[in-house]
Amino acid sequence: MASNANVEMTGSDMGSGMESFAALFEQRVESDFAREGEIIAGTVVQVGRDSVVVDIGGKSEGVIPLREFADATGQVGVKPGDKVDVYIESRENDDGLVTLSKEKADKMKVWDEISNACEADELIEGTISQRVKGGLSVTIRGGVKAFLPGSQVDLRPIRNLDKLIGQTYKFKVIKFNKKRGNIVLSRRVLLERERDEMKQKTLETLTEGMTVKGTIKNITEYGAFVDLGGIDGLLHITDMSWGRVNHPNEVFNVGDEVTVKVLKYNPETERVSLGLKQTQEDPWNHAEEAYPAGKKVRGKVMSITDYGAFVELEPGVEGLIHVSEMSWTKKVKHPSKLLEVGQEIECQVLEVDARAKRISLGLKQLEPDPWMLFTDKYHPGDKIAGKVRSLTDYGVFVGIEEGVDGMVHKSDLSWSVRVNNPSDLHHKGDDVEAIILSINHDEKKVSLGIKQLWDDPWPTMLSEFAPGRVIDESQVISIVEYGIFVRLREGVEALISTGDILEPEGTKIKVGDLVKVEISSVDTIERRLFATMKNIGVEKPQPAERPKRAKSAGGGGSAAAEEEKSVAGTVGDLIREKLAGKLDLKNKTKDQE
């Protein structure tokens with residue numbers, strides 16, 4: 001009984017025991033619940049739109065932003081029931097929830113591993129997850145986010161960092177702060193190390209004349225830089241192709257692989273000159289066989305200058321069409337009037353000089369030579385008809401055939417008047433007939449004569465046009481400052497000086513009019529014929545002495561002076577006077593000698 005009495009408890013004793021048990025249980029719970037700043041295991045109980053609720057035990061739940069559960073590609077795969085390690089930031093917020101962080105927990109878990117890797121100079125693998133201000137965010141072990149500065153991404157700055165998102169690389173930890181949870185990575189350090197190793201290996205084997213493979217690293221206006229493996233070589237624009245290259249980007253893009261030849265290499269300065277065209281045969285080696293003189297070829301106009309156009313026949317082989325070889329008939333002022341850059345044309349090879357790398361081309365040779373057609377059709381003595389193309393101080397140019405002109409010298413314009421200025425009788429566009437006097441095949445020139453259309457009238461001039469003869473209808477063929485020219489008949493013209501012109505009152509003489517004239521003087525020595533429109537039919541007084549002949553401006557002169565000369569004596573007297581003067585002068589010269 002005593003023993004039973006000892007076992008039994010009173011109600012007060014039982015109440016006291018329950019209170020001590022509750023106290024002990026609460027102390028145990030408090031001792032099991034982690035404190036702020038520690039990592040604890042939890043269970044995901046709910047996944048919301050922007051946050052995840054995690055049960056960490058002890059009747060406590062915490063909230064973690066949903067973005068902390070994203071993987072390297074930005075995908076979130078967390079679901080209720082998942083076990084996660086979380087970091088306790090605060091025990092209780094205003095909502096009675098514990099503030100947790102998965103990101104900090106991950107960082108703290110792997111921090112020791114990262115620290116050890118940094119101290120041991122080991123590499124860390126990570127995946128670039130997103131672009132952030134100043135660089136990129138990299139997800140490494142355990143989902144820890146690290147920062148990769150833009151300057152540490154590559155050896156050279158990369159304009160488009162977005163194209164690297166999702167790529168996995170190895171990195172070197174260059175800076176970390178455990179207290180702040182900052183980790184800074186570098187990929188450039190690894191690339192520099194790899195480049196130095198490759199450079200050393202490349203320099204040991206690099207020699208002039210060898211053919212190597214490389215990658216286009218950078219393009220400039222004057223060439224392209226090729227990465228040969230740790231060392232860059234310059235491929236100059238002139239060594240890219242045997243043909244014409246206006247800009248390197250016409251041939252290459254950054255990243256292209258090329259096979260080039262080492263032209264020069266300086267081990268001291270580590271400068272390398274490369275050539276691409278040197279890996280191919282020079283096309284000029286077979287130019288003489290491929291483009292013999294006379295061959296018709298097709299090509300592309302590459303450039304145009306003042307003196308001609310350069311035509312590419314094949315890459316590396318260009319020929320020049322000189323401006324003089326572009327047309328038989330047209331005077332080409334500038335090649336751009338006929339051709340344009342990029343145009344495909346057909347031409348003919350005129351001459352090849354492979355040693356000097358020159359090919360002369362012709363465009364007009366594709367058409368028949370107008371000169372050859374002319375010489376086959378015409379001969380000296382033939383009569384031609386054409387239009388006046390141009391006038392000069394010494395003659396008139398007449399178009400005979402397309403591409404062939406003939407010239408009438410001013411001395412061959414008229415039998416009976418002196419022409420100092422051909423424009424006094426003819427104008428551009430006039431239709432004329434002429435006789436071919438001579439053909440110069442060497443200089444491709446044709447001499448014409450208009451007065452030769454008729455026989456020389458001077459043997460019968462005095463009997464036909466003696467001074468004092470009146471011609472009722474003579475045609476005005478030209479009006480000049482010093483007078484007018486009239487045609488007495490075909491092949492015979494006369495000059496009426498300004499002072500001898502008589503115009504009816506209220507009218508004006510014009511070309512084509514028929515006027516009444518009188519022959520005032522005939523100069524058989526100078527072969528000139530003068531007429532007057534005044535005092536027609538009136539007998540002229542005979543002068544006592546022969547006056548000195550006055551010089552006339554522009555082939556005219558004073559009609560009165562010529563008239564006095566004409567009446568000084570007969571033709572025979574004039575001839576005798578001329579001959580006597582010459583004999584006297586000849587005798588005086590002999591006496592002096």
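Author: Two strands pair if DSSP finds at least two bridges between them. Strands (E, at least two residues) and helices (H or I, at least four) are DSSP runs, numbered from the N terminus. This is a predicted model: local features need pLDDT of at least 70, side-chain atom pairs count only at pLDDT 80 or more, and totals for chains, interfaces and linings use all residues. Residues are numbered from 1 along each chain as its sequence is written, and side-chain values use heavy atoms, with hydrogens and water left out.

Reader: In what order do the strands of the closed barrel run?

Author: The barrel has 5 strands, with mixed pairing. Its order is β11-β12-β13-β15-β14.

Reader: Which residue is the bridge partner of V212 in β14?

Author: Strand β11 spans residues 211–219 and β14 spans residues 257–266. They run antiparallel, joined by 5 bridges. In β14, V212 has as its bridge partner V260.

Reader: Is strand β7 largely enclosed or open?

Author: Buried means under 20% relative accessible area, exposed over 50%, partly exposed in between (1.4 Å probe, protein chains only). In β7 (residues 135–139), 5 of the 5 residues are buried, so the rest of the structure leaves this strand largely enclosed.

Reader: Which residue takes a positive phi in the hairpin of β6 and β7?

Author: Strand β6 (residues 124–132) runs antiparallel to β7, with 5 bridges. V132 stands opposite G135. The hairpin has 2 residues between the strands, and the positive phi, near 85°, belongs to G134.

Reader: What is the bridge partner of V138 in β8?

Author: Strand β8 covers residues 145–149. It runs antiparallel to β7, and 5 bridges join the two. The partner of V138 there is A146.
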